[in-house]
Amino acid sequence: MVKYPLEPYRIKVVERIRTTTRAEREQILKEAGYNLFLVKGEDCLIDLLTDSGTSAMSDEQWAGLVRGDESYASSRSFFRFERVVKEITGFTHVIPTHQGRASERILFSIMGGEGKTVPNNTHFDTTRANVEFSGATALDLAIPEARIPAEEHPFKGNIDLTALEQLIEEQGTENIPLVMITITNNTSGGQPVSLENIRAAREVCDRAGLPLFIDACRFAENAWFIKEREPGQGDRSIAEIAGEIFSYADGCTMSAKKDGLVNIGGFLGLHDDELAVKAKNLLILTEGFTTYGGLAGRDLEAIAQGLEEVLEDDYLTCRINQVRSLGEAISEAGVPIVKPTGGHAIYIDARAMLPHIPPLEYPGQAFVIELYREAGIRAVEIGSVMFAHRDPETGEELPADLDLVRLAIPRRVYTQSHLEYVAEAVRAVFERRDSIHGVRITEQAPMLRHFNARFSPLEDK
Ligand SMILES: *Cc1c(COP(=O)(O)O)cnc(C)c1O
């Protein structure tokens with residue numbers, strides 16, 4: 001395993017995690033219908049289900065919880081939150097929301113609608129759902145390299161500018177309410193977007209008179225990659241780079257559950273006054289008054305502090321190299337992964353690793369089950385179980401484009417020895433890959449089946 005810079009923090013509070021025996025895990029799996037979403041968090045020794053809302057807060061953030069001002073309107077905590085977000089992003093209006101999708105819901109209630117198309121490098125699933133719920137079409141325009149797991153590209157999250165210009169030419173600007181760029185591109189593997197690409201997208205938007213919005217969930221991780229990989233950016237601070245990214249945007253949606261280093265929260269950033277009035281009216285309808293938006297004062301305090309901490313270079317260097325070193329440790333053993341490793345997770349190409357399991361016997365799910373059985377580690381299938389779709393004519397189930405397994409790394413939660421344990425378990429499962437069988441679905445819901453489906457292992461044929 002490559003060395004990574006030491007964690008720039010020490011441990012003040014610890015949370016016990018529990019080891020289970022293999023026999024116990026076998027029983028747990030059986031009871032959960034082999035669906036890891038149905039396994040209790042407590043029964044996972046290492047939980048890599050998601051990096052969202054799973055960050056460890058700092059001593060200063062916990063202190064902020066006590067300092068939180070719970071005044072209903074215009075609390076001190078709101079003003080601190082607003083000041084920090086404005087310093088980082090420069091947006092004129094900062095609207096707090098309980099999490100990212102609430103910002104999306106508000107934005108697309110105003111800007112979406114029937115007959116419209118919203119392009120993005122790749123829409124995150126809640127973004128897509130909110131665009132579509134408004135009646136609009138969500139269009140993914142990632143560069144072609146993004147679709148090839150083994151293809152190396154320093155900014156594999158980039159938006160395809162030629163495709164964007166073509167869309168604008170074909171559809172006309174009346175039916176495109178805004179252009180969005182997701183940093184980092186979560187759905188394509190946490191891959192970064194270059195400053196050059198964002199700047200060029202801004203120019204395309206300027207020529208067409210369209211607003212550009214950033215889905216900013218992992219803006220600090222993206223800025224770190226720009227600093228590391230983009231020519232001429234190495235001497236700038238993360239805050240400066242982030243500031244430049246936001247300077248090209250008319251607004252942003254943000255889930256603070258990622259780079260806010262908190263367990264709940266988000267915001268909508270806007271320049272346009274008229275849009276801000278409409279957004280605030282919708283906010284009051286479902287989230288709360290404009291100075292708390294569904295959050296407690298203490299949450300706003302913790303987000304403000306988290307946003308300051310997330311820009312620290314030593315934190316980001318440790319964070320991203322932690323992810324990278326895990327990727328290298330398993331990739332060197334021959335495990336096929338999405339390359340290069342992104343900011344928040346490792347994606348294993350389960351279809352490539354288990355070629356003897358057909359996509360509709362769910363190789364990703366088979367691997368996730370095996371990893372839990374091996375070591376009590378919870379990962380998530382991102383493949384044919386999650387992206388179930390059917391042939392509209394025949395009703396026949398169709399496999400997803402890729403069958404991936406995501407190991408998402410929570411921020412500041414696990415140490416190097418935890419990740420070495422993960423690497424060892426992945427390698428052990430990989431070693432006996434030929435003996436792994438697929439699964440069959442025995443129960444499923446008509447929508448979002450991955451949350452509740454039950455599986456049964458397929459035996460030797
Ligand atoms: C998590 C996420 C969202 C939605 O945020 P929530 O806080 O989960 O509602 C939107 N976009 C991206 C890229 C995300 O990763």
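Author: A polar backbone atom of G100 is 2.9 Å from an oxygen atom of the ligand. The model is a predicted one, in which local features need pLDDT of at least 70 and side-chain atom pairs count only at pLDDT 80 or more, while totals for chains, interfaces and linings use all residues. Residues are numbered from 1 along each chain as its sequence is written, and side-chain values use heavy atoms, with hydrogens and water left out.

A polar contact is a pair of N or O atoms within 3.5 Å; within protein, one must be able to donate a hydrogen and the other to accept it, and residues adjacent in sequence count only if both atoms are side-chain atoms. For D215, a polar side-chain atom is 2.7 Å from a ligand nitrogen. Of the ligand's own 380 Å² of accessible area, the protein covers 98% (Shrake-Rupley method, 1.4 Å probe; for residues, only the protein chains shown count as cover).

The elements giving two or more residues to the shell are α4 (100-111) and α5 (125-133). Helices (H or I, at least four residues) and strands (E, at least two) are DSSP runs, numbered from the N terminus. The largest share, 3 residues, comes from α4. The ligand has 15 residues around it, and R101, D215, R218, S255 and K258 come nearest. By class, the shell has 2 nonpolar, 7 polar and 6 charged residues; Ala, Val, Leu, Ile, Met, Phe, Trp, Tyr, Cys and Pro count as nonpolar, Asp, Glu, Lys and Arg as charged, and the others, Gly among them, as polar.

Next, the sheets. An open sheet of 5 strands runs in the order β2-β8-β7-β6-β5, with mixed pairing (two strands pair if DSSP finds at least two bridges between them). Its edges are β2 (93-97) and β5 (179-182); each has a single partner strand, so one side of each lacks a neighbour in the sheet. The twist from one strand to the next averages 15°. Strand β5 pairs with β6 (residues 212-215) in the parallel sense over 4 bridges, and M180 has F213 in β6 as its bridge partner. Across β2 and β8 (266-270) lies helix α3 (residues 76-89), at about 120° to β2. Axes are lines fitted to C-alpha atoms, for helices over the stretch in contact, and angles run from 0 to 180 degrees between N-to-C directions.

Another open sheet, of 3 strands, has the order β9-β14-β11 and antiparallel pairing. β9 (345-349) and β11 (380-382) are its edges, each with a single partner strand, so one side of each has no neighbour in the sheet. Here the twist averages 30° from one strand to the next. β11 pairs with β14 (residues 404-408) over 3 bridges; E381 has V405 as its bridge partner.

Lastly, the backbone. Most residues other than glycine have a negative phi, and most peptide bonds are trans. The bond from I183 to T184 is cis, with omega near -25°, and T184 is in the loop between β5 and α7 (195-208). K339 and P340 are also joined by a cis bond, with omega about -15°; P340 lies in the loop between α12 (313-331) and β9. S74 has a positive phi, near 55°, and sits in the loop between α2 (59-67) and α3.

Definitions and conventions:
Near = heavy atom within 4 Å. Contact = heavy atoms within 4.5 Å.
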